[in-house]
Amino acid sequence: MPEPVLSAAHIDKSFLDNKVLDDVGIDLMPGEIHALLGENGAGKSTLIKILTGAYTHDAGTILLDGKPVHPRDTKHAQEMGVGTVYQEVNLLPNMTVAENLYIGRQPLKFGLVDNRKMERDARALLSRYQLNVDVGSQLDTYSVAVQQIVAIARAVDISGKVLILDEPTASLDQHEVEVLFGILQRLKADGLAIVFITHFLDQVYEIADRATVLRNGRRVGSRAMADLPRMDLVTMMLGHAIADTHALRIGGGRQPGGLFASFKDYALAGKAAPFDLDLHEGEIVGVAGLLGSGRTEMARLLFGIDRPDSGELTVKGKPCKLREPRDAIALGFGFAPEDRKVDGILGDLTVRENIAIALQARQGWTRPLSQKAQVDLADRFVRALDIRTTGIEQPVKFLSGGNQQKVVLARWLATNPKLLILDEPTRGIDVGAHAEIIRMINSLCDQGMSLLVISSELDEIVAYSSRVLVLRDRAISGELRGAHISVGAIVKMIAMQPEVQDA
Amino acid sequence: MSRPLRSFIKPQFIALALILLLNWILFPGFFNLFFRDGRLYGSLIDVLNRGAPVAILAIGMTAVIATRGIDLSVGAVMAIAGAVAATMVGDGHPLFLVIMAALAAGLVCGLWNGSLVALLGLQPIIATLILMVAGRGIAQTITEGFIVTFNDPGLIFMGSGSILGLPTPIIIMVTLAALATAAFRLTALGLFVEAIGVNRSASTYAGLRSRALLIGVYTFAGFCAAISGIIAAADIRGADANNVGLWLELDAILAVVIGGTSLMGGRFSIPMSVVGALIIQAMNTGILVSGFPPEFNLLVKAALIIVILVVQSPLAGRIWYFIAPSRKRPPPSSPAETPATSTEGTLK
Ligand SMILES: Nc1ncnc2c1ncn2[C@@H]1O[C@H](COP(=O)(O)OP(=O)(O)OP(=O)(O)O)[C@@H](O)[C@H]1O
Ligand SMILES: [Mg+2]
């Protein structure tokens, strides 16, 4: 039996009085892809932050190649051959793509940074990921998915022994996921140990050799994927069995009500080609499309974050104008954005304030929600969405990624929206909570809410939608309804040539 | 739900008490108060009275800093408001009109700052630097280059009169602090200001009018600066465009930081900023009464800044947490490693 490359044992970690890891261990073998699984808040990210020196542990040992190590910080871990992409990708948004890939190890020429070589190398590196972007552009001009790939490419490039990826596929399309998996397989063949954290169990079964499951900060066990049935895995994660959410479809038999909002000839140069969009009460519209097809741009227009060059909006027959999100909210719209760290959470504010803020903003500053009303609201959603927190007065930045996402969802559900726009709504949310959220959304739509879901997960689109719009090149290129909705049909439509579509 | 008593024991109160005690040791008559001509006198009253202008500036500055901004122009705005008041009262306008005009001048200045920050997207430090530099020029233009003196009893009352036995500036300071605190905390305004300070983009997505709010807080800061300017002018019975309020913006910022509002925006407390201003003034007074040279004051202030920065650092927070007897209570500043500091190493 080969020796593990990296082996951690008896790791304890507390934040103040909150013990989040209790006697946890993990062994990483060379040439294996090891899934680290567990509910939101189980302690996955905390464990890998300890392994890579981002956090200090209270007790336990970490062995690298059999020798105890004490990584001081991420850079130190990198020098020892452990590369990491954290859940909240932390690149430098106002530097170029190439600089982000090579910062700290830029190629030099006569003592100066050789920009030409750096950009050439960057292009070559990214071409392995089939990513064709201008490496001289500022990173934040690109979508979350592109930034994610840049972070992965960087980590892969610097890790010699161990590569740790914390939810790397959360905002990637099927295609990019396949490309990434191809690369992981090659690295695995080269003998790298890879840790892969995700909530997509399909992906786990596709690529992982072994899985370690955490629950409430304790290790439930490590098992080979080959003899671990899906239901057993879910039970290990949640501590109880749940109905297979795979089969859950809420869009199918839905009968849309009256017209709620109607966007006509909406367009913004360079962002969205003119489109018409009618949203009905109780209807769930899914928006699918490849990376860069303009999904998020469309959502930003619908919510008034960007103003269209042209186009009209009528809500319930009345003409309206969206100058800023506030106007959209006044009409009963809600929008949970894709990038929760930048556009979603208010990190230093409490869970309670984060949940109440949109409702409060709609009521206006002169009519404050009473403390009691806020507490009731927060308590209700913390319970309904099972948000793991030490209390509603905890700053939201201390919550785990998935729990932060639930807080952002709760914020919008609390406004009782008439139209809810969700951009990658379940990014980072675990299987149990996912089922709960689908149920909640279903009952809201039964009461007449109309929902627009943007997702790179086609399964998710299929599960939700009563109508699917397919975007390509920033224009709506096709539509599927009712029984015609399936992953296969969407993939086909995405791949279809525009000429065929026009014919 | 009553908060435990110990959560009211803030380091700022301890610091203020220590400094006052030190003053008392240096000058045993420090706590003596006496009543004469219907008014209280004494060093303690003096601290409050002298501290009022900076405290009033700090009230407005608190809101600005909470939005992750800064206002360097408040000293210059004091000069403008003082100049407007002095010239108008000299021209024989009624007191009410004079005060209104001076306050309006402050509002316009704040509106200008706020528009540069919110509409043009300038960095607050640059945006307000413009008026900091230009403001004294504007004030001089208003006074036509002279030190305009006046002896209108109404205006002088603002600086050296008394209400209910207390000097007018103290009454104004307390009233303004109470009104501002009520305006922020009895409405949702305080939450909104904290939200845009924490994350402006997310606040806009959540439906806050970030631009209007930003313009609002800078306007409020200008308004507070105008009040301070009127008091300062009334105190010396004249408008000295070059010297009134000089460097006071820095004292105001220091007061806010001592009060515990972070320069990174977010959580703020107006009453604590006032306490911060009083700490600064107690130090000034202490150095004055003790007979040390005034230059000494600057050194002590520098030392104080260092102490504050250390006390507010995450390290101290952790130490505080471990020495505090009850482990139930979170430490005053960020307790453990935050995700922000923990992941920034990715690229280093
Ligand atoms: N800096 C911190 N301060 C306080 N508590 C923290 C901190 N970081 C994490 N926690 C807590 O530790 C627990 C585990 O968090 P962690 O981020 O490891 O979860 P996770 O398994 O990665 O979940 P997710 O799937 O949602 O990403 C959570 O309850 C979280 O609230
Ligand atoms: Mg996590």
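Colleague: Which residues form a positive surface patch?
Modeller: This is a predicted model, where local features need pLDDT of at least 70, side-chain atom pairs count only at pLDDT 80 or more, and totals for chains, interfaces and linings use all residues. Patch residues have over 30% relative accessible area and no salt bridge, with like charges joined within 9 Å. A salt bridge is a side-chain nitrogen of Lys or Arg within 4 Å of a carboxyl oxygen of Asp or Glu. The positive patch is formed by A:Lys109, A:Arg116, A:Arg120 and A:Arg123.

Colleague: Which helix of chain A gives the most to the positive patch?
Modeller: Residues are numbered from 1 along each chain as its sequence is written. Helices are DSSP runs (H or I, at least four residues), numbered from the N terminus. With 3 residues, the top giver in chain A is helix α4 (residues 115-127).

Colleague: Is A:Arg120 buried or exposed, or partly exposed?
Modeller: A:Arg120 sits in helix α4 of chain A. Buried means under 20% relative accessible area, exposed over 50%, and partly exposed in between (1.4 Å probe, protein chains only). The relative accessible area of A:Arg120 is 49%, so A:Arg120 is partly exposed.

Colleague: Why is A:Asp12 buried?
Modeller: A:Asp12 lies in strand β1 (residues 6-15) of chain A; strands are DSSP E runs of at least two residues. A:Asp12 touches residues including A:Lys19, A:His57 and A:Ala59 (contact: heavy atoms within 4.5 Å). A:Asp12 counts as buried because its relative accessible area is 18%.

Colleague: How many of the residues of chain B count as buried?
Modeller: Chain B has 15 helices and 6 strands. Of its 348 residues, the buried share is 53%.

Technical notes: Chains lettered and ligands numbered in written order. Heavy atoms only, no water. Patch = residues over 30% accessible without salt bridge, like charges linked within 9 Å, V, L, I, M, F, W, Y side chains within 5 Å. Areas by Shrake-Rupley, 256 points an atom, 1.4 Å probe, with all protein chains shown as cover. Lys, Arg positive; Asp, Glu negative; His and termini not counted. Charge placed at Lys NZ, Arg CZ, Asp CG, Glu CD. Lists of a residue's contacts leave out its neighbours within four places in sequence.
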